[in-house]
Amino acid sequence: MPSLIDNGSSTLLMENEIKDKRSNPKKKSKDEITPNKRQLRSETVKTDGIANEMELSSPKKWKSPRRCINDSPNSITKEICKTFESKTVISSRKNLSEKFTEKPKWDLNDPEQMNAVKEVLHLSTAPSAVVCREEEHMRVLDFCKACVEEEKAGSLYVCGCPGTGKTLSMEKVKQLLVEWVEEGGFQLPDVLTLNCTTLTNTREIFSKILQTYQPHKKTGRALSPPLQQLQKLFSTKKQSSDPKMMLIIADELDYLITKDRVVLHDLFMLTTLPFSRCILIGIANAIDLADRFLPKLQSLNCKPILVTFRAYSKDQILRILQQRLMDLPYDVFQPQALELCARKVAAASGDMRKALCVCRSAIEMLEAELKDTSTKFLEENASPNQSIAPTEKLLKEQEINIIKIDHMAVALSRTFKSGTVDTIQSLPQHQQIILCSAVKLFRGGKKDTTVGEMNRYYTEICKSALIPATGSSDFTDMCKVLCDQGLIKLGQSRDDKLKRVTLKVDEADITFALQGIRFFRNCLH
């Protein structure tokens, strides 16, 4: 057993405390208030070990020293933190309110607002930013940068369907190239932008290039043709300082392809001459140029770099439309209307110009509808004693202040006039329900189904809309009518319910034809 602490001073103190307690039993010392039992060394080791285990098993929450120093609620640091937090909360609320402020409603009676909307959606209006073509921009811009840095000629061919942003993208690339040249301290190249359809003669393009390359030199009748002069200039090295690089952007290159193929070959051959300074970018809608003419150009050692602009998808068309309308301080279209326009145009052609045309047509339809309803309102509520603004009152009553999905559906049907769409829209309601049930059946990847299964879907749709469904024999007769009109195809079977059914028209045409009716819109979505 370990001995107690043998210390003379400590024993004397203990004896004095015992005497004091006996003399003053009511007086309590500090040690009695919080008594500390004397422990042996072995017990202190055990208690320390247990304490360590307790700390390991249930660790205490860590407090930062900053909080421990000033833990008083009225400390200076806490007051500073409170004022700072209140300021940041107020500032953040201000930023959120500024960011998510609702746009005011569109005033159809204001001619300035109407003209502004039409101008934003016009083809000749260049958007504030060219979106959805970043990859193509970088490819063309990197090609031009390399030619300018190395002072080397080159050729590039841009192809794609109409309305895919080729011409607009080249204008953006030209602007970016000029900015890059000025920042890098390079010599600014001469730029020649021309449309080949405006040429009276296909060989006039060479005279345009020569005038841009030598603007101060006058060409006489005795001189050789412009093509030969350019070939001579680019084949001999001048003793003086080298002239500038020249960027040639030839749009609608299809004109040179169809009229005179030799001109096209001679144009690309200029970039292969030893001292040529030409950077040629040809733009055309002919996607099959690679198959028809690139082998010939490759044999002549002047094969250009090919950049293809694909048709716009639904998301890209929707993003471009939203980007154009973002400049307006008010809302014009319902989001569902824009999405319907983007989906239909992407499924048809992917032509952005067609999407803008449809949006303008929807605006004109809304404008015509407003005029018709205002005239009817005047005829019905006209009184000599009242002086009211009928159009404003009509707008408030009927809430005609935005282009809805119904306007967009009619505008799309007028733009994309299809015999299939007209046929579906002229069908009786029950036959339209049969086509709607077929679309729902084939969405999961199925290519065909049976008459009995489609009859079950048809019955469910009728029950959900509280429409009395026809019998099985009438349903089979309606399917035969749809088959005769070329909308569906029926297989051969002795039992009518087991006949295979396949769609002979595109599902997008059925969706588009029935999109204007709310009942079918809810069923299809």
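At what angle do helix α16 and helix α19 pack, and how far apart are their axes? To find out in this predicted model, select residues 335-348 for helix α16 and residues 405-415 for helix α19, and you will see two helices that pack at an angle of about 25 degrees, with their axes 8 Å apart. Because angles under 35 degrees count as roughly parallel, α16 and α19 are described as roughly parallel to each other, and α16 passes α19 in a right-handed crossing.

Next, show the side chains where these helices meet: α16 contributes Gln336, Ala337, Leu340, Cys341 and Lys344, while α19 contributes Ile405, Met408, Ala409 and Leu412. Sorted by class, this contact of α16 with α19 has seven nonpolar, one polar and one charged residues.

Now select alanine 337, which lies in helix α16. Is alanine 337 buried or exposed? With a relative accessible area of 0%, alanine 337 is buried, and, leaving aside residues up to four places away in sequence, alanine 337 touches Ile403, Lys404, Ile405 and Met408. If you also select cysteine 359, which is 22 residues from alanine 337 in sequence, the C-alpha to C-alpha distance between the two is 9.3 Å.

Finally, move to the sheet, where three strands in the order β6-β8-β7 form an open, antiparallel arrangement. Select β6 (449-450) and β7 (488-490), which stand at the edges and have a single partner strand each, so one side of each is left without a neighbour in the sheet.

Methods:
Residues are numbered from 1 along each chain as its sequence is written. This is a predicted model: local features need pLDDT of at least 70, side-chain atom pairs count only at pLDDT 80 or more; totals for chains, interfaces and linings use all residues. Side-chain values use heavy atoms; hydrogens and water are left out. Two strands pair if DSSP finds at least two bridges between them. Helices (H or I, at least four residues) and strands (E, at least two) are DSSP runs, numbered from the N terminus. Axes are lines fitted to C-alpha atoms, for helices over the stretch in contact, and angles run from 0 to 180 degrees between N-to-C directions. Angles under 35 degrees count as roughly parallel, over 145 as roughly antiparallel, 65 to 115 as roughly perpendicular and the rest as oblique. A crossing is left-handed if the near helix is turned anticlockwise from the far one by less than a right angle, and right-handed if clockwise. Contact means heavy atoms within 4.5 Å. Ala, Val, Leu, Ile, Met, Phe, Trp, Tyr, Cys and Pro count as nonpolar, Asp, Glu, Lys and Arg as charged, and the others, Gly among them, as polar. Buried means under 20% relative accessible area, exposed over 50%, partly exposed in between (1.4 Å probe, protein chains only).
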